[in-house]
Amino acid sequence: MPELRRKAPKRTSAGPELIVVAGREIAVSNAAKVLFPKPKYTKRDLVRYYLAVAEGALRGAGGRPNVLVRYPNGITSEFFYQKRAPESRPPWIEVVTLRFPSGRTAEEVVPRDAAALAWLANLACLELHPHAVRTEDLDHPDELRVDLDPVPGVKWPQVRAVARVVQATLHDFGLTGWPKTSGSRGMHIIVRIARRWTFDEVRRAALALAREVERRAPTLATSKWWKEERHGVFVDYNQNAKDRTVASAYSVRPTPDARVSAPLGWDEVESAEPADFTLATMPKRFATLGDRHAGIDGIAGSLEGLLELSARHEREGQGDAPWPPHYKKQRGEPPRVQPSKARGARVAKYPLIEIGRAKRKQAALAGLKRWKARHAKAAKYLEPADVLVDSMRGRSSTWTRIRVNLLHVPPKLRPRQGRLDPDEKTLSSW
């Protein structure tokens, strides 16, 4: 564990706590502020956590530009994404300039040591959100990210099963995957690769992988981008698009029990449960077992096999797949129109209506509850996957959109599109 000592043992409750980590002084302000109300974990607890797992956390996020995801008043209050490093920062905090497709630039934080992690924790950054590139080469990713995202109603055992299919598929293409819980409902599998390919090429390889996983396990997994077409576990290839980030290993997630994204050995996948790994339990696990991803940098694989598969898919008529919102239309990309809005028979296949939009997820879900009460006869036919909860990204914040797929509701009982409830008009300016 990194050297940690108090510089001033006696402090008033209003003043910052000064700590020294690896020779660097950090003032932890409002150290007793509660960030997780249920277990009463404080900012001080968050700092101590990241110091305890610093070696592993830096293996996942160190040496990379990071987006800051800040919860200044805890997980039950507003949070925001901060791409640009705070202007007021210690001179030893490293930054690097990223250029985005929009033409904008941003200096993002590059953590290099435990002191940088403590400084980020003091900003109430729960999650580490690194880009898939190293600072010394911002154009060529050194990892491919497999994000397994279960649709509503899908249980953890199915995520495990799809992870095993991913493992076998990667092995067949000469690649090694390193699994970890996402800290939420899904799983991430990280694949170190040689720094030879562009973001677009890595995304193409990830799409080919997702389609192959779906081919091998069609009832368990899907590569379909539009939510109304998904089933089982979505293999999210678009997490490999330029400027996308995911919570890295050891990130603390904003869940009531303070779960963390836990690196696993493949021998643990069958028995591990996401709730096993929290801010409180992970330090002991780390001290006992070390980092289960300690060898991740030992092998940098090749994407040639997956890119050959991608080329074969294209020859067979499977071209590109939809990109995330806000990306420019890409060459070869199919029409970026969700099936429920397409012309022809697909309209009847996916009869979607929008329920509400809100700045906070809880408010949007309250609107859904009111809608179900008004349309009780229709609501009883809904399956878990029929409720589409979309987290929509603005420049610095997210907002929630809720839609309902009426596919399983008898046509005579299907409500028409009504007024949104809630309908927060200010969202368009985010």
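A258 lies in the loop between β15 (233–235) and α6 (282–289), where helices (H or I, at least four residues) and strands (E, at least two) are DSSP runs numbered from the N terminus. The phi angle of A258 is near 60°, a positive value in a residue other than glycine. At 0% relative accessibility, A258 counts as buried; buried means under 20% relative accessible area, exposed over 50%, and partly exposed in between, with a 1.4 Å probe and protein chains only. The model is predicted, with local features requiring pLDDT of at least 70 and side-chain atom pairs counted only at pLDDT 80 or more, whereas totals for chains, interfaces and linings use all residues. Residues are numbered from 1 along each chain as its sequence is written, and side-chain values use heavy atoms, with hydrogens and water left out.

A positive phi, near 65°, is also found at K40, a residue other than glycine. K40 is located in the loop between β4 (34–36) and β5 (41–42). With a relative accessibility of 62%, K40 counts as exposed. A further backbone feature is the cis peptide bond that joins D421 and P422, with omega at about 0°. P422 belongs to the segment after β18 (398–405).

Helix α5 was examined next. The helix has 18 residues and reaches 26 Å from its first C-alpha to its last, close to the 26 Å expected at 1.5 Å a residue; the expected span is 1.5 Å times one less than the number of residues. Of the 18 residues of α5, 13 are buried, so the helix is largely enclosed by the rest of the structure. R215 is found in α5 and is exposed, with a relative accessible area of 58%. The C-alpha atoms of R215 and F173 are separated by 15 Å, and the two residues are 42 residues apart along the chain.

The axes of helix α4 (residues 156–172) and helix α5 (residues 199–216) come within 10 Å and cross at roughly 120°. Axes are lines fitted to C-alpha atoms, for helices over the stretch in contact, and angles run from 0 to 180 degrees between N-to-C directions. The two helices, α4 and α5, are therefore oblique to each other; angles under 35 degrees count as roughly parallel, over 145 as roughly antiparallel, 65 to 115 as roughly perpendicular and the rest as oblique. In α4, the residues V162, V165, V166, A168, T169, L170 and D172 meet L209, E212, V213 and R216 of α5, contact meaning heavy atoms within 4.5 Å. By class, this contact of α4 with α5 has 7 nonpolar, 1 polar and 3 charged residues. Ala, Val, Leu, Ile, Met, Phe, Trp, Tyr, Cys and Pro count as nonpolar, Asp, Glu, Lys and Arg as charged, and the others, Gly among them, as polar.

Helix α5 also meets helix α7 (residues 304–315), the axes of α5 and α7 coming within 8 Å and crossing at roughly 70°. The helices α5 and α7 are therefore roughly perpendicular to each other. On the α5 side, E201, R204, A205, A208, L209, R211 and E212 meet L306, L307, L309, S310 and H313 in α7. The residues of this contact of α5 with α7 divide into 6 nonpolar, 2 polar and 4 charged.

E78 is placed in the loop between β6 (66–70) and β7 (80–82). At 39% relative accessibility, E78 counts as partly exposed. Not counting residues up to four places away in sequence, E78 touches R70, Y71, P72, K359 and R360.
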